[in-house]
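Open the model in your viewer and colour it by confidence. The stops below say what to select and what is there.

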Amino acid sequence: MASLTPVSQVQSLFSESHIRAPVQHPSFAPTSVTNLKFVSFFLPRKLSMQFQGGLGNSKMPVKAVIVSATTAEKPRKRYPGESKGFVEEMRFVAMKLHTKDQAKEGEKEVKEPEERSVTKWEPTIDGYLRFLVDSKLVYDTLEKIVEDAAYPFYAEFRNTGLERSASLAKDLEWFKEQGYTIPEPSSPGLTYAQYLKELSEKDPQAFICHFYNVYFAHSAGGRMIGRKMAEKILNKKELEFYKWDGDLSQLLQNVRDKLNKVAEGWTREEKNHCLEETEKSFKHSGEILRLILS
């Protein structure tokens, strides 16, 4: 192992004649004599001699040593989808919780009836009505939360064009006109609505996870379910629940941009906490979706 430069040589190594030139060098920040002594004390003899000989040299060998130490630092771990924005991170996690029947990126095994392909469902109008009523309660709750804005950034998600409460009100009125009795909200909807209220007041990152998954899931898989319900039990009647004013893809992009902007101010820990809430979001939504088959 190379020997260390003796302490007795430190003063001669950093004499006035040696330190004057580097201080004036334009690419080397001014450094105190004390700091230079400290650096040299821990350099092997070979490097110390290079350092001594290069102090008056514009190539500055010591600068190369410092740069190499900096570049040796390990890069921070990148999360799946992170380079495209936080919404892509949420999408990536959500896709993993789908089954292959629900999404090509899905990895979850089919365990519940609603996780099977919708083409295999045997829905009833009564069950579908319960699903619509509980869904309306959830959307009512989400829209009120962003309107009241317990946290200022919730206000960013007012009037996005994705709101569904008014559309569902029209659909339920149509069913009533057809002679159907509109049920009261049931346990799955009531439980989820209460959970969203509590979450929105104390845990904004977790709430945003639910906000994203509820609205974006309905714009994708939800529309497919709506088409199948229309074919199987509604004589191809298209409900307002599955219609949007304006270009849906642009409405979704606008919300993506807002979500990404909000998440820019979050720490990595807060982002991870949001992602961890995805499974709970799927659990509550799945319980409401299951009503269609009841």
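Predicted model: local features only at pLDDT ≥ 70, side-chain atom pairs only at ≥ 80, totals over all residues.

Mean pLDDT (the predictor's confidence in each residue, from 0 to 100) is 81 for the protein, with 71% of its residues at 70 or more. Now select residues 1-60: pLDDT is below 50 here, and the model gives this stretch 56 contacts beyond near neighbours in sequence. A contact means heavy atoms within 4.5 Å. Move to residues 62-71, where pLDDT also stays under 50 and the model has three contacts beyond four places in sequence.

Numbering starts from 1 along each chain as its sequence is written, and side-chain values use heavy atoms, without hydrogens and water.

Next, select helices H7 (residues 125-148) and H9 (residues 187-202). Helices are DSSP runs of H or I, at least four residues, numbered from the N terminus. Their axes, lines fitted to C-alpha atoms over the stretch in contact, come within 8 Å and cross at roughly 15 degrees. H7 and H9 are therefore roughly parallel (angles under 35 degrees).

Show side chains at this contact. On H7, pick among others Leu 137, Val 138 and Leu 142; on H9, partners include Leu 190, Ala 193 and Leu 196. The contact residues divide into nine nonpolar, three polar and two charged.

Last stop: Asp 245, in the loop between H10 (204-233) and H11 (248-263).

Terms used. Axes fitted to C-alpha atoms, helices over the stretch in contact; angles between N-to-C directions. Helix = DSSP H or I, 4+ residues; strand = E, 2+ residues; numbered from the N terminus. Parallel < 35°, antiparallel > 145°, perpendicular 65-115°, else oblique. Nonpolar A, V, L, I, M, F, W, Y, C, P; charged D, E, K, R; others polar.
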